[in-house]
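Here is my note on the model you sent for comment. Please read it with the structure open beside the text.

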Amino acid sequence: MKDMKVITCSKEIAGRKVTIETGKVARQATGSVVISSGDTKVLVTTVAGQDKSGQGFFPLTVNYIEKFYASGKIPGSFFRREGRPSEKEVLTSRLIDRPIRPLFPKGYGIEVQIICTVLSMDKNDDADVISIIGASAALQLSGLPFQAPLSAARVGFVDGNYILNPTLEELKSSSLNMVVAGSEDAIFMVESEANELSEDQMLGAILFAQKEMKASLDLIDELVSQADISSIEHTVKEDDETLKETINKLISSDLEEAYQTPEKSQRQEMISELKEKVKTTLEESEEDNIDEALGYFKSLESEIVRTRLLEGKSRIDGRDLDTVRPISIEVGLLPQAHGSALFTRGETQSISVATMDSLKLSQLIDSLHGDLKDPFMLHYNFPPFSVGEAGMVGSPKRREIGHGKLARRALEAVLPNPKEFEYAIRVVSEITESNGSSSMATVCASSLAMMDAGIPLKKPVAGVAMGLVKTEDKHCVITDILGDEDHLGDMDFKVAGTEDGVTALQMDIKIAGINEQILEDALEKAHSARNHILGEMNKILSESRPELSPIAPQAIEIKIPKSKIGEVIGKGGANIKKLTEETNTNIDISDNGSVKVYGRSKQEREDAIQKIEFITSDPEVGLVTLGTVEKIVDFGAFVSFDNGREGLVHISEIAQERVKNIADYLVEGEEVEIKVIGIDDRGKVKLSMKAVSSE
């Protein structure tokens, strides 16, 4: 960006002043802005890199980065600096990427990097929506061939009313948290979680967001109109019609046959053979054009599949547009798991496993909004064998984190109240086969696994992925898409929910937006498909089992006096550590004296309770026993005895004579003989060494 003058534009949006400024910070980037909403401020930069057209995909990278200084915090890590991206940062990076990617020209190969750095964060706000708006502004200022306009908005739903860009506090009472990206004429992306809202309410929220985005679109236009922008030229290579025709004649009929082969591995084998045929034919005469030829090969694949769908012909696997693939379900298949389910839909399959334990095992999250404990975790794994490939196995990638979060959103609305069901819950979905919409298979399998474990879900949840093929004058919505239909189509529209409403919705498109009619069609068909899948699930397990899994670490709760909490915990946690090791249990102690003991077996739980009751009960006055000096203080010595009990030997009770210096009589760690001589009003045990020696 050559223009270095500072341009600042502001507008009030949803009761907050939104400001976009350019020309002051990060001036060597191709395009940059600092966008703020209230006290939240984000630096968004765009840089155009090298030409990487040979890669076969658009090399766009989006990084959303939260700095702890933005909320006045020092990172809690050992090195006291930001480490690898958090789950929140990964998910927000994906959120920004998804609406931007389809707005670049097809075949564009210049590397583009967008970095959104959170500089300041209002503790009652989030920075994801303004980061999308800032990325749109920075791209337009860069001169890159970005098909603007683009903006975004968050929508809440409270007391029957939609709320624009609600605060974090308002979201606590909202039955909807939706982010929409789009323009005045089209929707590009939707990401949401909801508390069983109807399809009409979800559609209304999308249209509300689209209407309210006009203010931020006008703000971007105002900024861009004042800037001196130098367009970055890009040329689109013209098609080689001769080569195109050669490919068409060589393989079109065989490729059509391949895309009428239902079985995925057989179809892929046929397509691979046709690619080799193209390469072999061209190696002799047009070796330099092989990459271009494979591009035409892909275009021909797309044309064949899309044309059949638009003409209403049978799909790749023989289904019509509205039919869900065959479903099979098995629950309780893993004997040592608390709950498990195998869910298979066509050639997509998930094994989900549910595990419960003490709330102490909740996930600890160090975020800009403070330290949080999350008692519900859902992890999605996508090993390479699930698509018949050999590949790297390691830490989860962006896609796996994103799919796991979507499934979690879908299930969160039906989880039991954490105040009534005090367990940490972890669900893991292992994708063992994949041919379209493994995230929605995860929703179904995870719902069944938790019900199998006896976790009292309010209702079962199912999900389905819808697709779209659209031309200028035609479109068709496709139910329960295959992997190839997703890859070659124009939309991936995932809807999850119960029989009473939607709990999660995610939409991504590969074209420059869709309209209200398409959204309405997709929601209506998804509703029918979801009810069909729920019907199949209900045949196997329609509600949670009446009792928790017998091997789950169930809890016993007792109350102890607050004054006894320290005795149970012990010096440096020694007593409670010993208790948990001896009884193989987890023990949670609240400040109010509530003690919860989690253990796999009834005997282990009862052993722990018995030991705690012994520690907290008052010893018999007159008891003579051995004890260990734990701590010496000016007025006496604290002595532990009877496997966890503790009392005070006052300085006057150490010896028959008057004691001036306790250290002359006792050392910490020494074993001494003591007698219980009383219990004070606070339940503290009074001990004596003098009484023993006199006897």
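This is a predicted model: local features need pLDDT of at least 70, side-chain atom pairs count only at pLDDT 80 or more; totals for chains, interfaces and linings use all residues.

1. Residues are numbered from 1 along each chain as its sequence is written, and side-chain values use heavy atoms, with hydrogens and water left out.

2. On the aromatic pairs: rings of Phe, Tyr and Trp (its six-membered ring) are paired if their centres lie within 6.5 Å, with planes under 30 degrees apart called stacked, over 60 edge-to-face and the rest tilted. The count by this rule is 11 aromatic pairs. One of them joins Phe58 and Tyr108 edge-to-face, at 5.9 Å centre to centre and with 65 degrees between the planes. Because Phe58 sits in the loop between strands S4 (40-51) and S5 (60-66), and Tyr108 in the loop between helix H1 (87-100) and strand S6 (110-120), the pair ties together parts that are 50 residues apart in sequence. Helices (H or I, at least four residues) and strands (E, at least two) are DSSP runs, numbered from the N terminus.

3. On the charge over a ring: Arg399 lies over the face of Phe382, at 4.2 Å from the ring centre; the rule asks for NZ of Lys or CZ of Arg within 6 Å of the ring centre and within 35 degrees of the ring normal.

4. On the helices: the axes of H9 (residues 398-412) and H10 (residues 438-452) come within 9 Å and cross at roughly 50 degrees, the axes being lines fitted to C-alpha atoms over the stretch in contact, with angles from 0 to 180 degrees between N-to-C directions.

5. On the sheet: three strands form an open sheet in the order S22-S24-S23, with antiparallel pairing, and two strands pair if DSSP finds at least two bridges between them. Strands S22 (554-559) and S23 (586-589) are the edges, each pairing on one side only. Four bridges join S23 to the antiparallel strand S24 (residues 594-599), and Ile587 has Val597 in S24 as its bridge partner.
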